[in-house]
Amino acid sequence: MPATPAYDFPSDLLAGQEELHQVRAELLALLKRLPWSVEPLDGFSDDHGWRKVERPASPGWTPDEQAEVEKLRDRERELAVFVTCHRFWDQVAGPDAVAARARLKHVHEKAIDTE
């Protein structure tokens, strides 16, 4: 298997990608803790589909919880735009761009492995 080329990512791009990973992890953890419905809804059970679906009653999200989710989603969008539109991507094209983007997404894993 051919070696994956190394890329000299700028520090601000690396920092943006790392923060994007952190924000996405924080958002996922928050969404897992919150009730399944933003609005208060009764529970239900449906066994007419290919699998049974059940949900308990949902009290909905508080205004603070809604604001926190919105804040994290806004930051996630900002970071995604920053990372994908960074000037670094002008230097790579075609298959190299695909490989570089894939490499950038996993740079933080290598840093964790070497610590």
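Tutor: Rings of Phe, Tyr and Trp (for Trp, the six-membered ring) count as a pair if their centres lie within 6.5 Å; planes under 30 degrees apart are called stacked, over 60 edge-to-face, and the rest tilted. The model is predicted: local features need pLDDT of at least 70 and side-chain atom pairs count only at pLDDT 80 or more, while totals for chains, interfaces and linings use all residues. Residues are numbered from 1 along each chain as its sequence is written, and side-chain values use heavy atoms, leaving out hydrogens and water. By the ring rule, the count is five aromatic pairs.

Student: Why is the pair of Tyr7 and Phe9 called tilted?

Tutor: Their ring centres are 5.8 Å apart and their planes meet at 35°, so the pair is tilted.

Student: And what makes the pair of Phe88 and Trp89 edge-to-face?

Tutor: Here the centres are 5.0 Å apart, with 80° between the planes. An angle over 60 degrees is edge-to-face, so the name follows. Ring pairs join Tyr7, Phe9, Phe88 and Trp89 into a cluster.

Student: Are Tyr7 and Phe9 buried or exposed?

Tutor: Both Tyr7 and Phe9 are buried, and so are both Phe88 and Trp89. Buried means under 20% relative accessible area, exposed means over 50%, and partly exposed lies in between (1.4 Å probe, protein chains only). Over the whole protein chain, buried residues make up 23% of the 115 residues.

Student: How do you know that the charged end of Arg101 sits over the ring of Trp89?

Tutor: The rule asks for NZ of Lys or CZ of Arg within 6 Å of the ring centre and within 35 degrees of the ring normal. The charged end of Arg101 is counted as sitting over the Trp89 ring, 4.3 Å from its centre.

Student: What is the order of the elements in the protein chain?

Tutor: From the N terminus on, they run α-β-β-α-α, giving three helices and two strands. These are DSSP runs numbered from the N terminus: helices are H or I with at least four residues, strands are E with at least two.

Student: How do you know that the span of helix H1 agrees with its 23 residues?

Tutor: The expected span is 1.5 Å times one less than the number of residues. For H1 (residues 11–33) that should be 33 Å, and its end C-alpha atoms are 33 Å apart, which agrees.

Student: Which residues of H1 are buried?

Tutor: They are Leu13, Gly16, Gln17, Leu20, Val23, Leu27 and Leu30. In general, an α-helix has 3.6 residues a turn, so residues three or four places apart point the same way.

Student: What is Ala80 in contact with, leaving aside neighbours within four places in sequence?

Tutor: Ala80, in helix H2 (residues 63–84), is in contact with Leu20 and Arg24. Contact means heavy atoms within 4.5 Å.

Student: And which residues does Ser45 touch, not counting those up to four places away in sequence?

Tutor: Ser45, in strand E1 (residues 44–46), touches Lys52, Val53 and Glu54. Glu54 belongs to strand E2 (residues 53–55) and, with the same exclusion, touches Phe44 and Ser45.

Student: How does the radius of gyration of the protein chain stand against that of a compact globule?

Tutor: A compact globule of 115 residues would have a value near 13 Å, but this chain has 20 Å. The radius is taken over C-alpha atoms, and the globule rule is 2.2 Å times the number of residues to the power 0.38. Along its principal axes, the C-alpha trace spans about 55 × 35 × 30 Å.
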